[in-house]
Amino acid sequence: MAVATQTSGSLLPQGVGRITRTWRLFFLGMILIAGFGLYAYLREVSSGMIVTNMRDTGTMGGAPWGLYVVMVEYFIGVSFAGIVIAAVSRVFRIRELQPISRIAELLTVGSLMVGLLAVLIDLGHPIRGVVNMLLYARPQSPFFGTFMLVAMGVLPASLVYLYLGARQDAAVVAEQPSRLQRLHRLWAAGYSDTEAERLRHRKVMFWLSVGIVPLIVVALSTEGLVFGIQVGRPGWFGSLQGPDFLVLAAASGLANLLVLTAIVRRLLGNTDRIGPSVFKWLGRFLLVAAAAALYFMIVELITLMYATPEHERLLADELIRGSYAWIFWVSIALMAAGLVLLLVQAGTRRWQIGPLVLASVLISTAALAERYLTVIPSQTHATLLPYEPGSYFPNWIEFAVVAGLFALGALLIGLFIKAFPILPLTDDEEVIADA
Amino acid sequence: MAKYSMVVDLDLCQGCRACTEACKIENNTGSGIFWMHVFRFEEGEYPETKMSFLPRPCQHCDNAPCVKVCPVGARFKREDGLVLTDFDRCIGCRYCELACPYGVNYFTWQSPEKSHYQDVVDWEDDDLALVTGGLVPPYKNPDLDLKYGEEQRYTAGGNHAKGVIEKCTFCVQRVEKGMNPACVETCPVNALIFGDTDSPDSPISHYLRVRQPWRLLEEAGTHPRVMYVGGKPPNPSLKEIERPKAEV
């Protein structure tokens, strides 16, 4: 059972409602970073996107899609693993992973929200963007999947999933008098924990688990299609963009989930609820995903090296030997290093949290670099007409906005952890049997 | 219904870029923005070099990739062949810009008041005032503010709003008055021919009966309505020279 903490006359588990000095500092730090990001974005709104380093392709030799789109791809990708792990652990009754199902769901919801925000930040007219995508949506455009399918499908489904999965626990904590009791009662929404209600609840969760995975696979595949269907841009066109996106999404998502799980474990005083078996499972999943991601990266490298079309070859030269080479080789090296760390642990059958976290950080950084290489070089160095090669590197405005997005995501997760038990209070292993 | 096309005769083009200037004046485009760009190419090694030119307006493709990817239908194809942008509907995602293999789209990175060469030219200079008559940009062609076509959409307003995409409109505001686009009207050697290819009596149809046209990046399957005669398609051995200053 979870750790219970006495706070101002109330008994809430897992440190919920207890704001320590460290937490205050964390919240303040995140608010400051998010505030600085907001300041940078407001400059962008008032002066136009001229304040970024993005520019047009062709005669301007720039990249109209810059760091923001890279982060959209990254954040939406990270969301993939969380909800899939939560759903898979329910459907296949992987008991070891059930304690982290809420962490996984929270990671998905947080990264989806931040990813969607990054989409809006990248628009020339964000408000008009939301309105017009509702009024004039064209599902034929992959952008529809990037935004509408994620905003109107995956995010609400993930929120419902998080909400329903935690409703039983909300009813438990709502019985404890605290400052958060009203919120917990609202969340429980009259849940009475009768046998019939429990059964109905579990059935809904089971079918939601079954349904949410194909939904997120379809939505996230369109992220890859945004690039894959562009016949006029060397380096992008290809049927592998969709699967490649999903594989890298799985690797980066699992890596982030593993790091977040380690942080939560530490916050809860190295609780036994998140034991070595959790990390063993996550490590195994990450090993498979990272191996697949590295496989895709190597296949891509070989294809580029042997590419016959002139423009593809020129792009390959730029990636392998040109101005993007350092990012390209660093991303492969980081992914390979992360994979080796995981392989060593798999070989010795000793899954240790420290090396797992290190491997996760390496793999997540490699995935981010890979997203950068997918988005940027094809804009600056792959024009079919003989324009001069261009260049792009984000400036402080873009870095500040992105740092703000990370801080916002961290703030969201931090607030949740302080408002609600991050680990399920009850095990959920009877789900399948009942369903 | 007329079907508009443009023919570019590369045997006549002398790379003077008068079309580029005419376009900028007619459509009030900002600094670094060239709806009509003329490539100046150099081929070979000195002294065995050869220059060639390639005017590049929007190709107004029949199978336009920019139209396909627009998430809100702001980029659309008209019955008469023009590919236009509804500036009132565009959300500024720049997806059309990346879908286009010709690089003809430009995003308005800042407000038009700031992008009309304000920082590179001293418009108050006395010598300059003799030429401009004391007028200070941004100049504004009032025709760009009107709605056009059966759809009655804002399709001509180049550079009138921050945060949207713009490109060559074939000067829709002139075409609807029965006039030629500004670039065609200005070309000193008649290298640009514009008209209705569905009408067998139009000058462009006569031209196409005599000369065999080719299209830019035909392999992309975009079916451009801009056709070229003479010269040859660009290839990676061509080196672009005298690139216009294209910074905003």
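B:Glu42 stands opposite B:Lys239, a residue of S10(B). The two strands concerned, S2(B) and S10(B), are antiparallel and share three bridges; strands count as paired if DSSP finds at least two bridges between them. Helices and strands are here DSSP runs numbered from the N terminus, with at least four residues of H or I for a helix and at least two of E for a strand. This is a predicted model, in which local features need pLDDT of at least 70 and side-chain atom pairs count only at pLDDT 80 or more, while totals for chains, interfaces and linings use all residues. Residues are numbered from 1 along each chain as its sequence is written, with chains lettered from A and ligands numbered from 1 in the order in which they are written.

S2(B) is part of an open sheet of three strands, in the order S3-S2-S10, with antiparallel pairing. Strand S3 (50-56) and strand S10 (239-241) of chain B are at the edges with a single partner strand each, so one side of each has no neighbour in the sheet. From one strand to the next the twist averages 40°; angles run from 0 to 180 degrees between N-to-C directions, and axes are lines fitted to C-alpha atoms, for helices over the stretch in contact. Strands of a sheet pair through backbone hydrogen bonds, either parallel or antiparallel.

Strand S2 (residues 37-43) of chain B is joined to S3(B) by seven bridges, and the two run antiparallel. Across this pairing, B:Phe41 stands opposite B:Ser52, and B:Glu43 stands opposite B:Lys50.

The hairpin has six residues between the strands, and B:Gly44 takes a positive phi near 85° in it. The loop between S2 and S3 of chain B also holds B:Pro47. B:Tyr46 and B:Pro47 are joined by a cis peptide bond, with omega about 5°.

## A second sheet and another loop in chain B

Another open sheet of three strands in chain B has the order S8-S1-S9 and mixed pairing. Its edge strands, strand S8 (192-196) and strand S9 (226-229) of chain B, each pair on one side only. Neighbouring strands of this sheet are turned by 25° against each other on average, direction ignored. Four bridges link strand S1 (residues 4-9) of chain B to S9(B) in the parallel sense, and B:Met6 has B:Val226 as its bridge partner in S9(B). Helix H8 (residues 203-210) of chain B lies across S1 and S8 of chain B and runs at about 115° to S8(B).

Elsewhere, the loop between strand S5 (83-85) and helix H3 (95-99) of chain B contains B:Arg94. Phi of B:Arg94 is near 70°, a positive value in a residue other than glycine.

## The domains of chain A

Chain A is divided into domain 1 (20-54 + 63-226 + 396-435) and domain 2 (233-383), with bounds that come from an automatic or database domain assignment. The centres of the two domains, taken over C-alpha atoms, are separated by 22 Å. Between them, 30 residues of domain 1 of chain A are in contact with 29 residues of domain 2 of chain A; contact requires C-beta atoms, placed from the backbone, to lie within 7 Å.

On the domain 1 side, the elements that give two or more residues are helix H2 (67-91), helix H3 (101-122) and helix H7 (195-228) of chain A. H2(A) gives the most, with eleven residues. By class, this side has 22 nonpolar, five polar and three charged residues. Ala, Val, Leu, Ile, Met, Phe, Trp, Tyr, Cys and Pro count as nonpolar, Asp, Glu, Lys and Arg as charged, and the others, Gly among them, as polar.

## A helix pair in chain A

The axes of helix H1 (residues 21-47) and helix H14 (residues 396-419) of chain A come within 7 Å and cross at roughly 145°. The residues of this contact divide into 20 nonpolar, three polar and three charged.

## The interface and the confidence

In the interface, 38 residues of chain A are in contact with 43 residues of chain B. Helix H4 (126-135) and helix H5 (142-174) of chain A are the elements that give two or more residues to the chain A side. The largest share of that side, four residues, comes from H4(A). Its residues are 17 nonpolar, 15 polar and six charged.

The model scores ipTM 0.91 and pTM 0.92. Chain B averages a pLDDT of 91, and 98% of the residues score at least 70; pLDDT is the predictor's confidence in each residue, from 0 to 100.

Note on methods
Two residues are in contact if their C-beta atoms, placed from the backbone, lie within 7 Å.
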